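This report concerns aromatic rings and their contacts. The sequence and the structure are shown first.

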Amino acid sequence: MRGSVVGSDTEVHISRDGINALVVPEWAEQFDPDWFDPDYWGERAVPVSSGGRGSAWFIERSPEHWVLRHYRRGGLVGKLIRDRYLYAGEVRVRAFVEFRLLVQLRVLGLPVPKPVAVVYQRKGVLYSSAIIIERLQGVRPLGDVALSLDATRWREIGQVIRQFHDAGVYHADLNCFNILVGETSTHLIDFDKGELRSRTPYRTSWKGNTLDRLKRSLNKAYGEELEREWHFFLEGYNASTNV
């Protein structure tokens, strides 16, 4: 088997048999491209039912618990080209960008899942890609449990979102199914097209835009039932004194 392996403290780059991957160092020696095929796992791959586009699976690799997600397009384009993207250099491959962003966010101490591995494969000028991250335990999407949370939890969720914004973290799809809540924890997932942005005070319109997106997703799921809860969320978000 021909190929190459290049490593660092945070990632190992593997290139062989027409695929290119990034893997966290602790999984590099066991890496298998078949990980990204849900059929490989058989009954140990269970489709994720909440949110998404039918492109994610819970993977049981005892004792590990992972989430496999294939990158899929939405909207009208997605009906024509479901899982292919224009290749513009490896540094811009969406899976690689998300993997490296998750590594950076964890260094910043922000509550995001740990990346395990990502892969992409080219076909001419197009490519397809997938990512594996750790599966967080004891959590559920906000969109599934919003009505069961009390005022304190809503304020805590608002505070966590503010922590991300204060760190300059832009989430391209901040909706109620990309916020996972446990009894006392709050995590963000799915950082496809996300990035670290400037903390300059006058360049903050994107923060309000992402909050509007979250509010729209809650309204879509629950109608007008969550106006009181949204008020508590904003109380928590606005309580931060950070810039």
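Which residue lies over the face of Tyr-237, and at what distance from the ring centre? In this predicted model, Arg-162 takes that position, at 5.2 Å from the centre of the Tyr-237 ring. A further contact of this kind involves Arg-69, whose charged end sits over the ring of Tyr-71, 5.0 Å from its centre.

Contacts between rings are also present: the structure holds 16 aromatic pairs. One of them joins Phe-96 and Tyr-120 in an edge-to-face arrangement. Because Phe-96 belongs to helix H3 (residues 94-107) and Tyr-120 to strand S8 (residues 115-123), this pair ties together parts that are 24 residues apart in sequence. Phe-96 and Tyr-120 are both buried.

Tyr-170 and Trp-206 form another pair, and the angle of 85° between their planes is over 60 degrees, so the arrangement is edge-to-face. Distant parts of the chain are linked here, since Tyr-170 lies in strand S11 (residues 169-170) and Trp-206 in helix H6 (residues 205-222), 36 residues apart. Tyr-170 has a relative accessibility of 18% and therefore counts as buried, the cut-off being under 20%. Trp-206 is buried as well, with a relative accessible area of 7%.

The geometry of these two pairs is listed below.

| Pair | Centre to centre | Angle between planes |
|---|---|---|
| Phe-96 and Tyr-120 | 5.3 Å | 75° |
| Tyr-170 and Trp-206 | 6.0 Å | 85° |

Elsewhere, one aromatic cluster is formed by Trp-27, Phe-31, Trp-35, Phe-36, Tyr-40, Trp-41 and Trp-66.

Definitions and conventions: Residues numbered from 1 in each chain as written. Predicted model: local features only at pLDDT ≥ 70, side-chain atom pairs only at ≥ 80, totals over all residues. Heavy atoms only, no water. Phe/Tyr/Trp six-rings, centres within 6.5 Å; stacked < 30°, edge-to-face > 60°. Helix = DSSP H or I, 4+ residues; strand = E, 2+ residues; numbered from the N terminus. Buried < 20%, exposed > 50% of the residue type's maximum accessible area, 1.4 Å probe, protein only. Lys NZ or Arg CZ within 6 Å of the ring centre and 35° of its normal.
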